[in-house]
Amino acid sequence: MLWPYITLASAAAASYAGYATMAPASQLYGRTLTHGSDPSQMALTFDDGPNDPHTLHLLDVLAKHNAKATFFLIGKYVRQRPDIARAILAAGHEIGNHTDNHPNLILVSAARLRQELSDCNKALEDALGRKITLFRPPFGGRRPNVLRTARGMGFSPVMWSVTGYDWSAKSADEIVEKVSRQVDTRYKPQGEIVLLHDGGHLAFGAERESTVEATRKLLERYAAKKFVSASGLSQGNQSSHSTKGLG
């Protein structure tokens, strides 16, 4: 008589384990930074660059609003345009490793995982002349070995609390509406980490003008907040979502 319940429990556990591989807020497979403790702060993060010309346009917008952001760069694009990576750093923004080719890391071998991180890291260090310590898994996909390997290589994993779905949005206003709906309805305000994209993983030169314009509008809409890098977010008394001790 217990078998139906055991089967149901096993199915539920398997379902949750699968969900945890992609859900940005899940801590099942290891601690990651998902948000800060200070609601007066906001961290804008941009994935899949560097990208010409939209990354450079974003730098102009951020500079006009005295805002700092974090860019998670793809290694193969860094090798293609190291000058843009250097421009990001010169503007005072934070840079993270987003793998070399943007695979879903839950589907790759341990050797491929390490190679993706290592190759991207080399591209970044060659371009920037400095060590990079942040990492974001493509698509948010991770298993225990993904985070364990990343930490062993000196990276702290960063996820997000809000996404603008800008890869499929039809306009800047749609991106802003999606972000503000999540931020403004938060039951307990926090320092949000917003996921946006300055490039596209499928090809260099992806169209991201809507993201650039949406960023301008978000900076204006939340002008009372301080826009900081992911590492600049206050953590307060948080423990489960902090990067403390992950390096």
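Reader: Does serine 229 count as buried or exposed?

Author: Burial is judged by relative accessible area: buried means under 20%, exposed over 50%, and partly exposed in between, with a 1.4 Å probe and protein chains only. Serine 229 has 17% relative accessibility, so serine 229 counts as buried. Keep in mind that this is a predicted model, where local features need pLDDT of at least 70 and side-chain atom pairs count only at pLDDT 80 or more, while totals for chains, interfaces and linings use all residues. Residues are numbered from 1 along each chain as its sequence is written, and side-chain values use heavy atoms, with hydrogens and water left out.

Reader: What share of the 247 residues of the protein chain counts as buried, and how many helices and strands does the chain have?

Author: Of the 247 residues, 51% count as buried. Helices (H or I, at least four residues) and strands (E, at least two) are DSSP runs, numbered from the N terminus. The chain has 8 helices and 9 strands.

Reader: Where does serine 229 lie, and which residues does serine 229 touch?

Author: Contact means heavy atoms within 4.5 Å. Serine 229 lies in the segment after strand S9 (226-227). Not counting residues up to four places away in sequence, serine 229 touches Ala43, Lys68, Ala69, Thr70 and Glu94. With glutamate 94 there is also a polar contact, side chain to side chain, at 3.5 Å. A polar contact is a pair of N or O atoms within 3.5 Å; within protein, one must be able to donate a hydrogen and the other to accept it, and residues adjacent in sequence count only if both atoms are side-chain atoms.

Reader: Which way do the residues of strand S4 point?

Author: In S4 (residues 94-97), Glu94 and Gly96 point one way and Ile95 and Asn97 the other way, and all are buried.

Reader: Which strands are joined to S4 by bridges?

Author: Two strands pair if DSSP finds at least two bridges between them. Strand S3 (residues 69-73) is joined to S4 by 4 bridges, and these two run parallel. Strand S5 (residues 134-135) is joined to S4 by 2 bridges, again running parallel. Phenylalanine 72 stands opposite glycine 96 in S4, and asparagine 97 has phenylalanine 135 in S5 as its bridge partner. Between S4 and S5 the chain passes through helix H5 (residues 110-128), and this β-α-β crossover is right-handed. Right-handed here means that, with the strands pointing away from the viewer, the path from the first strand over the helix to the second runs clockwise.

Reader: What surrounds phenylalanine 72?

Author: Phenylalanine 72 is found in strand S3 and is buried, with a relative accessible area of 0%. Leaving aside neighbours within four places in sequence, its contacts include Thr45, Phe46, Gly96, Asn97, Phe135 and Val158. Phenylalanine 72 and valine 158 are 86 residues apart in sequence, and 9.7 Å apart in space from C-alpha to C-alpha.

Reader: How is a pair of aromatic rings described, and how many aromatic pairs does the structure hold?

Author: Such a pair is described by the distance of the centres and the angle of the planes. Rings of Phe, Tyr and Trp (its six-membered ring) pair if their centres lie within 6.5 Å; planes under 30 degrees apart count as stacked, over 60 as edge-to-face and the rest as tilted. The structure holds 3 aromatic pairs. In one of them, phenylalanine 46 and phenylalanine 71 have ring centres 5.1 Å apart and planes at 25°, so the pair is stacked. Phenylalanine 46 is in strand S2 (residues 41-49) and phenylalanine 71 in strand S3, 25 residues apart. Both residues are buried.

Reader: Why is the pair of tyrosine 77 and phenylalanine 204 edge-to-face?

Author: Their ring centres are 5.6 Å apart and their planes are at 65°, so this pair is edge-to-face. Tyrosine 77 is buried at 4% relative accessible area, whereas phenylalanine 204, at 26%, counts as partly exposed.

Reader: Which residues have the most contacts inside the largest nonpolar core?

Author: A nonpolar core is a set of buried Ala, Val, Leu, Ile, Met, Phe, Trp, Tyr and Cys residues joined through side-chain atoms within 4.5 Å. The largest has 36 residues, and Leu44, Phe46, Leu62, Phe71, Leu73 and Leu124 have the most contacts inside it. A second, separate core of 12 residues includes Leu33, Met159, Trp160 and Leu195.
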